[in-house]
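This report describes selected packing features of one protein model. The sequence and structure are shown first.

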Amino acid sequence: MPGGRRNAASRNGQSKSQANFSVSSNIGIRSNSGERTTGNGADDKKSELCGMKALVPKHVPIPVVPVDGHLTFEALSFVVSIIAASLQMLNLYRTVWWLPHSYNNYSMNFYLIDPYLLVFIIIMVARQFIYSLLHRVIDVSSPVRWLPTAQKMMRITLLIIVMNILCWCLYHMAERHNSMKIFYLCYPSLSVYFVMFGISAAPFFDISTPLYGKDEKKTKFLMDKPLHNCSLNASAIRAEVSTLRSDFNRRLKRALFASSSSAYVCGIAPIIFVPQHLHFNISWVVQHVIMFWLERISAHFSHAYPVRYCDVLHRAALHLGRWVKIENRNSHTYAQVWNDSILWPHGSVVRHNKEIYRSEGCCTVAEPGNSNHYRFYALFSNPTVLLCSILGLQLLLVCAQLLILLRTTDWYQVLSITLLLVINYYTLFKVTRDYLICWKVYHAEQIIQEKSQMIANSTVQ
């Protein structure tokens, strides 16, 4: 092995681990092309082994955590949305039926409610559940060779039926109400949908399962779940991170749209069609919309990002690493030129685009200065941060509802806030369970990583 390259690295101030990494990378660690160069016997093999141990992150397996299936989640979402819409109708059309001289025999003024609006709301919140149910029936009953054609025909048929029913409802509503109310009902949802998803009809039904390209689904996904490959190929790691980042963004976009559309249809749509002479508690109905919207956000996030999915992102982030820009650097600081085919060890100093960066993590293959790589590592190097955010939102929501319940005296308000509170308890349980499991697992993983790094450094020395 040429000694000049190693001595030059030592003279320019590299640490001992970096010098050993330079040696081991020349003798045994795969480059982007997968080639190896011959070494000098036992010392080279020892250096190679130490370099491999230092670079490969240690993953702790996640225990099996029960999660709601797609059909179960859609069924629960349908029931919760119907309850929320009914409670909003109660907030708007309540009566004083219990008074002795009251002319009302029911708790609500049902004659003021537009029946076509009710059909519109039911179809909008039930479409995803109906689609999931038919999808499950076709999967079970259809032969494998006919499955894609049967699913496509089912989606087209269901789309035609749903759109015809919605147009029929809008036509009769337009005859009864001002055209601006129809505009307020349709335009916000349609504009947001086309901006986020384009003209694709699939997200209109299958909002919880992300879409993948044909090649993407064949190679990197199994049963709509992303896969992680512990690779030492820098380009393969960056490609995997890019795929996972796109999938995460798709799930985020769909969860936000699903929660917002449910809150709009079930909470805001009844307010739009309230008669002008009707008086109601404006602050309470607005509060109901906000509470239901936040509950739907937490529910969709916990379903879109289960524990095992977050663990896949976490493992990819450990292989990716990140570069931290050195602001107050010494002019004599030695920095190698960044190479996209090298797995850089912890503490490496490189130069890229006239800037100096230092690596963080067991190994680093991220591109220096790439904000996408930096955010991916910051968010998923410790997935408990994401779960803690969802848990904090859910805890804040539940505590706020408890305080409101303690200060509420009207019967319809007590009923409304109690039912929303019961719904939030289920989501709170799932998020808390996921957070505690991740916190224990990743705390143990961090201890193992630190011990492995110490052993590798002591072996090198």
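In this predicted model, Leu-185 makes contacts with several residues beyond its neighbours within four places in sequence: Phe-120, Leu-170, Met-173, Tyr-264, Ala-269, Ile-272 and Phe-273. Leu-185 belongs to the largest nonpolar core, which has 54 residues. Together with Tyr-93 and Met-173, Leu-185 is among the residues with the most contacts inside that core. Helix 5, residues 115–141, gives the most to this core, contributing nine residues. Another core, of 28 residues, lies apart from it, and its members include Leu-313, Leu-343, Val-350 and Phe-380.

The packing of two helices is considered next. Two packed helices are described by the angle between their axes and by the distance between those axes. The axes of helix 10 (residues 234–272) and helix 11 (residues 282–304) come within 9 Å and cross at roughly 155°. Because angles over 145 degrees count as roughly antiparallel, helix 10 is roughly antiparallel to helix 11. The crossing of helix 10 past helix 11 is right-handed. The residues that form this contact divide by class as follows.

| Residue class in the contact of helix 10 with helix 11 | Number of residues |
|---|---|
| Nonpolar | 15 residues |
| Polar | five residues |
| Charged | two residues |

Where does Asp-434 lie, in terms of helices? Asp-434 is placed in helix 15, which spans residues 411–460. Asp-434 has a relative accessible area of 6% and is therefore buried, the cut-off being under 20%. Apart from its neighbours within four places in sequence, Asp-434 is in contact with Val-65, Val-307 and Leu-387.

Key. Residues are numbered from 1 along each chain as its sequence is written. This is a predicted model: local features need pLDDT of at least 70, side-chain atom pairs count only at pLDDT 80 or more; totals for chains, interfaces and linings use all residues. Side-chain values use heavy atoms; hydrogens and water are left out. A nonpolar core is a set of buried Ala, Val, Leu, Ile, Met, Phe, Trp, Tyr and Cys residues joined through side-chain atoms within 4.5 Å. Buried means under 20% relative accessible area, exposed over 50%, partly exposed in between (1.4 Å probe, protein chains only). Helices (H or I, at least four residues) and strands (E, at least two) are DSSP runs, numbered from the N terminus. Contact means heavy atoms within 4.5 Å. Axes are lines fitted to C-alpha atoms, for helices over the stretch in contact, and angles run from 0 to 180 degrees between N-to-C directions. Angles under 35 degrees count as roughly parallel, over 145 as roughly antiparallel, 65 to 115 as roughly perpendicular and the rest as oblique. A crossing is left-handed if the near helix is turned anticlockwise from the far one by less than a right angle, and right-handed if clockwise. Ala, Val, Leu, Ile, Met, Phe, Trp, Tyr, Cys and Pro count as nonpolar, Asp, Glu, Lys and Arg as charged, and the others, Gly among them, as polar.
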